[in-house]
Amino acid sequence: MGDRNAARMNISACDTVYGLVIPYLTDSRDRDAVSLVCRRWYEIDAITRKHVTMALCYTATPDQLSRRFPHLESLKLKGKPRAAMFNLIPEDWGGYVTPWVREIARSFPKMKSLHFRRMIVTDADLELLATTRGRVLEALKLDKCSGFTTHGLLHIARYCRNLKTLFLEESTIIKEHDGQWLHEIALNHTGLEHLNFYMTDLDKVEFQDLELIARRCPLVCLKISDCDILDLVGFFRAAVTLEEFAGGSFNAQPELNGDGDSNDQLGRYSAVTFPQRLCQLGLTYLGNGEMPIVFPIAARLRKLDLLYAFLDTEGHCILLQRCPKLEILETRNVIGDRGLEVLAHYCKRLKRLRIERGADEQEMEDEEGIVSQRGLIVLAQGCSELEYLAVYVSDITNEALECMGRYLRNLCDFRLVLLDGEEKITDLPLDNGVRSLLIGCSRLKRFALYLRAGGLTDVGLGYIGQYSPNVRWMLLGCVGESDAGLLSFSRGCPCLQKLEMRGCCFSEQALALAVLQLNSLRYLWVQGYRASSVNGQDLLAMVRHYWNIELIPARGVLVKNPNGEDVVHDHPAHILAYYSLAGQRTDFPETVVPLEPAAFLAI
């Protein structure tokens, strides 16, 4: 009897300890580890878990999720591989949200927050979601999704009256019937805090509805599609709680005076006054002539999005030197080395810097608009608080990478792409620089390196494996010389869960062996490799239980060239492999060929 009582007391004590600890366990990896301690803690985790993120929607079935975590309040689902953002994945690849919405409607009565990323969502999905979960749903994010129309959005607007967040950024709305969905929000919603339809084709939007939303809701963030800034004067006056704005446009054409010179474009936008709390800004099509409207708030800006601005290098320099509190900057490589020098001198608090490739059209290029080792060295020395750096460079050296490893000790996410515009690169291969970067930036969890032939030898690839102890996601492009380099790499990276590769020289057999050596790997995507067998037979060496393998054969894709003419662009073959508790999926399009691991394991 005494032993039984002691056992009960131990169980009760464990439950009490776990009850005290669990409120502080927000990281899913911590939760996963705790749930493995004993059966009882596994059960407690099951009934107390509030949020789940699934990096691929085919890794489990909807009913498996509801059985494991029946009381979820928040769910994030990712569909198509990340490569879909660069038009590398067939549009019909998969990633359908329908079975998930049905399970949410059936089994998750407390679901408050949904985030669907790169998934196919239909109007029927949105209608079912709205009519069954509309009363409790507070956040809906359709992130780079496709397949729905404004009729679907109207269902959300009518039934989800408690929405605080509606996010549609970069989604492809297949048909815009009208702007009634936004009008419904304006008339009947009072709690909306975040509204985002940035980089969509939704242009049947009435600025009067935006102004009414600002008056009725505690709006903190608004990111919209094209809408002339002059039409938003009333909105900005009403949006007293607004902290972030992105979108708009500058459509007013400058008038010519008698001398034939353009009047000051600033005068046309002098009525625009930004709200007092605004500290995050991204103005679409902002040019040098309109830039002074930002000056009154520049000193308090913490985030600046210039990806779709028309500023040249000089414009970047003039604006950035007025932003001493800047923490996040997104722009194109037109910023140039001179712009990076300004950042290093004036923006000491910078934590995130994203520099995308500029437009290919000659008229949008700036002769100074290239980023190279010169700018990166100065940036590293001046902005030591950087945690995220993603950059397209025209030239790079080992010295620059070593400098970043020496000064950027807080870096958690590093991504570098070497553009192919320059025939000669100053200093290749980059083996020693990459090693120094990885040794110095020991906190890195995400790492991307896309070079060109000769950019990294097998030795350098081995360094990446050896000195990436904490990296969980990695993208490698045009690196290494042979299978030996890949196998040397795969003997390291103990925490690597997701690996993406493009344009490499590795054989199917080497890829399969590398997967077996990367013990933590859960996901592999490869485009461009040496096919060493018929129908991917050599890839079967990587087969294990719960491991799915899919092939996308090489194909021609119709694209438009700079002259607007249709041309066929060759896409090399893809490999996609991933862990799944659901088994092989059943919604393959003709463009995807599944390998059958079960048949191989039965041999």
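Helices (H or I, at least four residues) and strands (E, at least two) are DSSP runs, numbered from the N terminus. The chain has 21 helices and 23 strands. The model is predicted, so local features need pLDDT of at least 70 and side-chain atom pairs pLDDT 80 or more, whereas totals for chains, interfaces and linings use all residues. Residues are numbered from 1 along each chain as its sequence is written, and side-chain values use heavy atoms, without hydrogens and water.

Of the 603 residues, 52% are buried (relative accessible area under 20%; exposed is over 50%, partly exposed in between; 1.4 Å probe, protein chains only).

The whole structure holds 23 salt bridges, each a side-chain nitrogen of Lys or Arg within 4 Å of a carboxyl oxygen of Asp or Glu. Three of them are tabulated.

| Salt bridge | N to O distance |
|---|---|
| Glu169 and Lys223 | 3.4 Å |
| Arg215 and Glu211 | 3.0 Å |
| Glu356 and Arg354 | 2.9 Å |

In the pair of Glu169 and Lys223, Glu169 lies in the loop between β5 (165-167) and α8 (180-188) and Lys223 in strand β7 (residues 221-223), so the pair ties together parts 54 residues apart in sequence. Glu169 is buried at 13% relative accessible area, and Lys223 is buried at 9%. Arg215 and Glu211 both belong to helix α9 (residues 207-216); Arg215 is exposed at 56%.

Asn398, in helix α16 (residues 398-407), is buried at 10%. Its side chain makes a 2.9 Å polar contact with that of Asp427 (N or O atoms within 3.5 Å, within protein one able to donate a hydrogen and the other to accept it; residues adjacent in sequence count only if both atoms are side-chain atoms). A polar atom of the Asn398 side chain also lies 2.7 Å from the backbone nitrogen of Gly433.
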